[in-house]
Amino acid sequence: LHAQAQGETVLREALEQLQVWGFERAFELVPHEAPAIGTGATKRTVLIKSWKELLSEVGDNQSLLNSLKDSPFFAPFRDEAGAWGKRLATLAEGLGQLNAIQRRWVYMQPIFGRGALPNERARFKLVDEEFVSIMNGVGDDPGGLEGAPQGVDSKFLKEQAALDKTEFTMACKALSHEDFDKHLVNAKSVI
């Protein structure tokens with residue numbers, strides 16, 4: 001009976017620590033300025049930094065939950081742990097998508113902001129506006145992962161995927177960063 005009480009106490013404390021992490025873990029943000037597409041004005045948003053640490057913490061907490069399931073004292077905590085498992089899986093997926101999109105946006109936004117690729121500008125502008133909207137929402141309330149973006153709109157992902165398939169993007173991926181930067185700097189006119 002004593003062993004069961006100790007085992008349940010350990011599980012309860014682990015779930016409480018997970019809950020505290022979810023409410024207190026805030027995004028680390030950095031301000032970012034970028035040229036507005038088609039207007040030449042400057043717009044401000046925030047970017048998430050320390051992605052590796054954040055995604056690692058989510059993964060560590062998923063591992064913690066999986067290890068709790070191996071305990072013989074897990075039964076009373078099954079529902080709470082299951083709810084956390086779903087939250088963490090959704091969070092991991094949403095943050096993974098947002099991380100990939102942020103990396104692409106940071107790379108491509110200055111190109112389109114300078115007026116390059118007029119044929120693809122409208123498509124990128126949709127991605128740009130949605131991304132900035134999401135990030136401004138994160139910037140308005142960076143505290144606690146409970147309110148974190150839980151995924152990205154499928155229309156947004158389709159536009160991003162369509163941009164990734166353009167000849168320009170495929171050419172960019174084929175060039176090294178140095179070569180690509182050299183081509184942009186040496187360009188006599190906007191592409």
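Questions and answers on a predicted model follow.

The model is predicted, so local features need pLDDT of at least 70, side-chain atom pairs count only at pLDDT 80 or more, and totals for chains, interfaces and linings use all residues. Residues are numbered from 1 along each chain as its sequence is written, and side-chain values use heavy atoms, with hydrogens and water left out.

Me: In what order do the elements of the protein run from the N terminus on?
Reply: Elements here are DSSP runs, numbered from the N terminus: helices are H or I with at least four residues, strands are E with at least two. The protein has 7 helices and 2 strands. From the N terminus on, the order is α-β-β-α-α-α-α-α-α.

Me: What percentage of the residues of the protein count as buried?
Reply: Buried means under 20% relative accessible area, exposed over 50%, and partly exposed in between, with a 1.4 Å probe and protein chains only. The protein has 191 residues. The buried share is 37%.

Me: What percentage of the accessible surface belongs to carbon and sulfur atoms?
Reply: Areas come from the Shrake-Rupley method with a 1.4 Å probe; for residues, only the protein chains shown count as cover. The accessible surface of the protein comes to about 11200 Å². Carbon and sulfur atoms hold 53%.

Me: What share of the contacts with a separation of 6 or more comes from residues 24 or more positions apart?
Reply: Contact means heavy atoms within 4.5 Å. Among contacts in the protein with a separation of 6 or more, residues 24 or more positions apart account for 75%.

Me: How far apart are the end C-alpha atoms of helix H4?
Reply: The expected span is 1.5 Å times one less than the number of residues. Helix H4 (residues 121-140) has 20 residues, so it should span 28 Å. The model agrees: its end C-alpha atoms are apart by 28 Å.

Me: Within what arc do the buried residues of H4 fall?
Reply: The buried residues in H4 are Phe124, Val127, Asp128, Phe131, Val132, Ile134, Met135 and Val138. They line one face of the helix, because seen down the axis of H4 they fall within an arc of 165°. That arc is of the directions from the helix axis to the C-beta atoms. An α-helix has 3.6 residues a turn, so residues three or four places apart point the same way.

Me: Which residues on the other side of H4 are exposed?
Reply: The buried residues of H4 line one face. On the other side, the exposed residues are Ala122 and Asp140.

Me: Which residue forms a salt bridge with Asp128?
Reply: A salt bridge is a side-chain nitrogen of Lys or Arg within 4 Å of a carboxyl oxygen of Asp or Glu. For Asp128, the closest N and O atoms are 2.1 Å apart. The pair links helix H4 to strand S2, 85 residues apart.

Me: What relative accessible area does Arg44 have?
Reply: Arg44 meets Glu33 in a salt bridge at 3.1 Å, N to O. Glu33 lies in strand S1 and Arg44 in strand S2, so the pair ties together parts 11 residues apart in sequence. Glu33 is partly exposed at 49%. Arg44 is exposed, at 60%.

Me: Which side chain of opposite charge is nearest to Glu8?
Reply: Glu8 sits in helix H1 (residues 2-24). Leaving aside neighbours within four places in sequence, Glu8 contacts Phe73, Pro76 and Phe77. Lys and Arg count as positive and Asp and Glu as negative; His and the chain ends are not counted. Glu8 is buried yet has no salt bridge, and the nearest opposite charge, 4.4 Å away, is Arg12.

Me: How far apart in space are Thr45 and Ser133, C-alpha to C-alpha?
Reply: Thr45 is in strand S2 and is buried at 6% relative accessibility. Not counting residues up to four places away in sequence, Thr45 touches residues including Trp105, Val132 and Met135. Thr45 and Ser133 are 88 residues apart in sequence; in space the C-alpha separation is 8.5 Å.

Me: What is phi of Ser50 near?
Reply: Ser50 is in the loop between strand S2 (42-49) and helix H2 (51-68). Ser50 is partly exposed, at 23% relative accessibility. Its phi is positive in a residue other than glycine, near 60°.
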